[in-house]
Amino acid sequence: MNFGDFYSGNAFDAYEFFGAHIEGDGVWFRVYAPNAERVYVTGDFSGWSKMQMEHGFDMGVYTLYVPQAKAGMLYKYVVEDKNGYLCEHCDPYGFAMEKRPAFASIVTDLKGYSFGDGEWMERRGGCEKNYNRPMNIYEMHLASWRNEKAVKEREEGEEMYFPTYAEIAKELIPYLKENHFNYIECMPLSEHPADCSWGYQNTGFFAPTSRYGSPDDLKAFIDFCHKNDIGVILDFVPIHFAVDGYGLAKFDGTALYEYDTDDVGRSEWGTCNFNNAKGEVASFLQSSANYWLKEFHFDGLRMDAISRAIYWMGDSNRGVNDKSVMFVKNMNFGLHERHPGVILIAEDSTDFSKVTAPVEYGGLGFDYKWDMGFMNDTLEYFKVHPSHRPAHHDKLTFSMYYFYNELFLLPFSHDEVVHGKATILQKMWGDYEQKFPQARALYAYFYTHPGKKLGFMGNEFGQLREWDENRQQDWDMLKYPLHDSFHKYCRDLAKLYMNYPALYDGEYDAGRFGWLEANARDFSTFVYERHAQGQHVIVMLNLSDQYWSDFSFGYDRNCVLKELINSDWFCYSGNTSPDDMIVYITNEEKNGKPYKIATDIAPFSARIFLVEEVADVDKEE
């Protein structure tokens, strides 16, 4: 590490110097605490007696070589502030921690695991961020996906069982492949004290949580995913950190990592906001990001709460936080330089421009941005009574007016299925049975709308209960026909998306999408076309509660249509046989009128067609 880079906010390798590093027969301990009076290290190697660290290696750096320290030993720093107050801390750069509520760091050998995913990593380097490839992302909270040992009703002091990475992988990989997901996004895996924070309030920015196993266990999990052609994205939290006294807060007795005023120093979640205008804080965070990508082979980072990095406290009325924006640009630019094939994703609900433009062109440097507008407008539309949907028609067409402003990813994430918001299925208007056909139409829209896809675990089989981090998903719902057939439908839709280039190739090119019918407001019906590589796919959505016979729309050529999927088919608990609905193709060009396609479409349903061109088609034939 170059100290000039560290202090100026340009270091990406600070973890290679700071922390506990095995060297020879002992361990070097190094910590940054510029305003401390003294710093001690204590641990298994000293019988937990304090060993004073040496000051003066460089400004604010304390070091000590401990010959008797070994991998696997526990340790803490004891920081004495200018007033003589002593406080125990975990290592800010520690590579592992003991399971909460204990908080000692663990001496860890970063080179202990040898990856076998060279083929994946080489292929990833040339994927060009998947812009012209399908991405079907399964967002997960690892403990509550499948966990039969989870305690459903916990007694006071009793904790949920956390499965190991190996236990999760054994069931997860076959499930992902069967359901045509090619990426997972793990909710934060850095160490955190409170299970209920889901990992968003961190104390260990370099320490994989001990809940599921060791750092090497996590590496093996990612390695196994890669060997099965599954990419792994990590939810990364660069904006704020937990207030627990053993963490980063007032680390050296002063506001070292945070702002020194509560006006901007405390977040809406009660956490401390990083002051990433400080060079050493910027170096800490971007070194953490680089650490997860380099040492663990994560394929991307989804960065949480980026609006709070753009605007002061996330409020555009308070203005742009220029220093924080510069930090984001510098971090993203440096990560892209070091990891050209890695994907950086912004969770951002603002209309700040150029979030996904390269830094060298004035952008923030993200590869994708969550399309929160699409998510909010779409789900609001499906909550509305069918008779009122004509007045909300524009909610389903508006997304394509701005879609090409950024490189969007469509999220139906964990945030939409908690805190009284209801699950995706429950949001649909109507009673239990009415919700399913609407949800099937919703997912047809989701999978055929331009943009990469992200869905939260359980969405794919119609989870009814809001997500609870203390319980596994309700897999027993699959014994009910409506849920089982919905699961089959989502699986078939995902397969369609993954295998038809028209639905993903060139999707950020405005010429690859076109409305065929966007103004049938009174019918609550929409028709659009996707095309790529000479392949044309037409999507029809009837979101009314009425059956439309011979619903027609114009087309620019003579053709026949092959139906790829219909959400109203019997096999999906619908009311239509695959042979019942006829598509009429009329050729009126010879009469000076354009070609038209007319077909029936059931209420609350979607039909997806492959266009097959022919020389002449006559309706009477």
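This is a predicted model: local features need pLDDT of at least 70, side-chain atom pairs count only at pLDDT 80 or more; totals for chains, interfaces and linings use all residues.
Reader: What does D556 form with R557?

Author: A salt bridge, with the closest N and O atoms 2.7 Å apart. R557 is buried, at a relative accessible area of 16%. The cut-off for buried is under 20%, and for exposed it is over 50%.

Reader: How many salt bridges are found in the whole structure?

Author: The search finds 32. One of them joins the side chains of R123 and D229, at 2.7 Å from N to O.

Reader: Where do R123 and D229 lie?

Author: R123 is in helix α2, residues 118-124, while D229 is in the loop between α4 (215-227) and β14 (231-236). The two are 106 residues apart in sequence, so the pair ties together separate parts of the chain.

Reader: How accessible are they? Start with R123.

Author: R123 is partly exposed, with a relative accessible area of 39%. D229 is also partly exposed, at 44%.

Reader: And what about the salt bridge of R530, which residue is the partner?

Author: E507, with 3.8 Å from N to O between the side chains. This pair links distant parts of the chain, 23 residues apart. R530 is in strand β23 (residues 525-532), and E507 is in the loop between α13 (481-499) and β22 (513-520).

Reader: Is R530 buried or exposed?

Author: R530 counts as buried, at 1% relative accessibility. E507 counts as buried too, at 1%.

Reader: Back to α4. What span should its 13 residues have?

Author: At 1.5 Å a residue, 18 Å. The end C-alpha atoms of α4 are 18 Å apart, which agrees.

Reader: Which residues of α4 are buried?

Author: P215, L218, K219, F221, I222, D223, C225 and H226. The list includes the charged residues K219 and D223.

Reader: What covers the buried residues of α4?

Author: The cover includes helices α2, α3 (165-178) and α6 (279-296). It also includes strands β11 (183-186), β13 (204-208) and β14. Helix α2 is also where R123 lies, the partner of D229.

Reader: New topic: rings. How many aromatic pairs does the count come to?

Author: 77. Y15 and F95 form one that is edge-to-face, with 6.4 Å centre to centre and 90° between the planes.

Reader: Why does the pair of Y15 and F95 tie together parts of the chain?

Author: Because Y15 and F95 are 80 residues apart in sequence. Y15 lies in the loop between α1 (3-8) and β1 (19-23), and F95 in the loop between β8 (86-89) and β9 (105-106).

Reader: Y15: buried or exposed?

Author: Y15 counts as buried, at 0% relative accessibility. F95 is buried as well, with a relative accessible area of 2%.

Reader: Last one. Where does the charged end of K76 sit?

Author: Over the ring of F103, 4.1 Å from its centre. The charged end of R302 sits over the ring of W370, 4.3 Å from the centre of that ring.

Notes:
Residues are numbered from 1 along each chain as its sequence is written. Side-chain values use heavy atoms; hydrogens and water are left out. A salt bridge is a side-chain nitrogen of Lys or Arg within 4 Å of a carboxyl oxygen of Asp or Glu. Helices (H or I, at least four residues) and strands (E, at least two) are DSSP runs, numbered from the N terminus. Buried means under 20% relative accessible area, exposed over 50%, partly exposed in between (1.4 Å probe, protein chains only). Rings of Phe, Tyr and Trp (its six-membered ring) pair if their centres lie within 6.5 Å; planes under 30 degrees apart count as stacked, over 60 as edge-to-face and the rest as tilted. A charge sits over a ring if NZ of Lys or CZ of Arg is within 6 Å of the ring centre and within 35 degrees of the ring normal. The expected span of a helix is 1.5 Å times one less than its number of residues. Contact means heavy atoms within 4.5 Å.
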